[in-house]
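I opened this entry to get my bearings in a structure I had not looked at before.

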Amino acid sequence: MSTSPASGPRPGFTPWLYGRAPRPVLCAAVLVYALSAIRSYEKARTGIDNEVVVRAARTLLEGGSPYADKRFLYLPGAVFAALPQTLCSERVLFYGVPVVTGLLVAVGAVVALRIFDVRADSRLAAGVAVGLALFLPFHSLTTLGNWTAASVVAFPAALLAARHGRWGAAGAVTGAAIALKPMLVPLLLLFVLARQWRGLAWAVGIPVAASLAAASAMPRPGLFFTRTLPFLLHGQDAYARPYDAAWPAFLPRVGVPQPLAFTLAAAAATAVLYCARLRWRGGGDEGLRLVECASLLMLAAFVVFRPSFMNYALVVVPSLTASAVARGAAARSVWFWMPLVPQLGGVPWPGLESAQRHAFKDVVMFGGLAAALALAAWRRRVPHGTNGLVTAATAVTVSGGAYSLCSEFEPRPSPK
């Protein structure tokens, strides 16, 4: 019996992660996750961010412009997507929004695991469920009911489709998510790097068509450009600014002049984008390349563009966590996990526990993840012109088979 490098047993700790978790462990993980998702029931209000979109939909039904509310920051299509919620009572939304948000995150995590062919009942899946339950950005997302949850599902779904060569479907998923909330706009650069122009057309065309159609059906859509967009680009107001972890918003809080803060943020984002390009050219496992490159693109945006809230981390963290089963993954480094430690619930950080100071920990999280991924991309870069492919100059022969000097050694097929 022979075992191929692609399908053979994986060395080390990886087979244990792939293995099916005992049923009591799975039940316990699901219970912990569910209890964490509904912990916001202890508060007087839930779904505050979702409430803004529902209020905009109700304003539309009353004949007003959704963009008269300065806190409605979504594209026009989100108004019509929120219309079904206008039929629900406040009590239903109070109990329903955290549950739906938690389910969306769970679906996103399962899809992220599928990128690396990990089962939903595996030990890694159980670990991811418990990790998310302790993850403060997850608490924030379920409490607020933020529509970032749609991107939490769409990000891994698009990468899963791309991994199987269905770039058109990947573009459609990305475009649908952007039509609801333009969170995944940086992901458009992935289609450019991959030269998948048809997928890019879907990713751009769907939100443009949906926005134009929705804008034509609402009064005064021009307020989006004259009121909403300037409000968003200037970092919103004093209410939201303390929660913003983007460098142009954070650095002035520690005494850095605004022009210098923006310059530093732009330089950092440019460096991260360059490493994303290096990662794409670095080749290797296709799922790992897609996840790490796409995550670098998203993290570059989180560094420079305002606002950047802590729940945005849920877009990339589940997929990066799932990538730990792949050899050479940045998630196998302790430096990847260290920036996430301050985000674990129950770990006290004196002076940073208030909601207004939480952004200090969020800056560490986004910057630390970007640095870990960028360093991994830099270390596995390939010579110019190879596009991640093994050439005669970058490969040697071992026992009749070639392996790249720029990637890790694959296990040798066992003898028959």
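I looked up burial first: 50% of the 416 residues of the protein chain count as buried. The model is a predicted one. I then noted 18 helices and two strands in the protein chain.

Next I checked contacts along the chain. Of those with a separation of 6 or more, 75% are between residues 24 or more positions apart.

I turned to a helix pair. How do the axes of helix 2 and helix 6 cross? For helix 2 (residues 23-37) and helix 6 (residues 123-134), the axes come within 8 Å and the crossing is at roughly 25 degrees. Angles under 35 degrees count as roughly parallel, and helix 2 and helix 6 are therefore roughly parallel to each other. I recorded the crossing of helix 2 past helix 6 as left-handed.

I listed the residues that meet there. Helix 2 brings Val 25, Leu 26, Ala 29, Val 32, Tyr 33 and Ser 36, and helix 6 brings Ala 126, Ala 129, Val 130, Leu 132 and Ala 133. In this contact of helix 2 with helix 6 I found 10 nonpolar residues, one polar and no charged.

Last came helix 11 (residues 197-216). Its 20 residues, at 1.5 Å a residue, should span 28 Å, and the end C-alpha atoms are 28 Å apart, so the two values agree. Which residues of helix 11 are buried? I noted Gly 199, Leu 200, Ala 203, Pro 207, Ser 211, Ala 214 and Ala 215. The buried residues of helix 11 pack against helix 4 (76-81), helix 9 (167-180) and helix 10 (188-194).

Note on methods: Residues are numbered from 1 along each chain as its sequence is written. This is a predicted model: local features need pLDDT of at least 70, side-chain atom pairs count only at pLDDT 80 or more; totals for chains, interfaces and linings use all residues. Side-chain values use heavy atoms; hydrogens and water are left out. Axes are lines fitted to C-alpha atoms, for helices over the stretch in contact, and angles run from 0 to 180 degrees between N-to-C directions. Helices (H or I, at least four residues) and strands (E, at least two) are DSSP runs, numbered from the N terminus. Angles under 35 degrees count as roughly parallel, over 145 as roughly antiparallel, 65 to 115 as roughly perpendicular and the rest as oblique. A crossing is left-handed if the near helix is turned anticlockwise from the far one by less than a right angle, and right-handed if clockwise. Contact means heavy atoms within 4.5 Å. Ala, Val, Leu, Ile, Met, Phe, Trp, Tyr, Cys and Pro count as nonpolar, Asp, Glu, Lys and Arg as charged, and the others, Gly among them, as polar. The expected span of a helix is 1.5 Å times one less than its number of residues. Buried means under 20% relative accessible area, exposed over 50%, partly exposed in between (1.4 Å probe, protein chains only).
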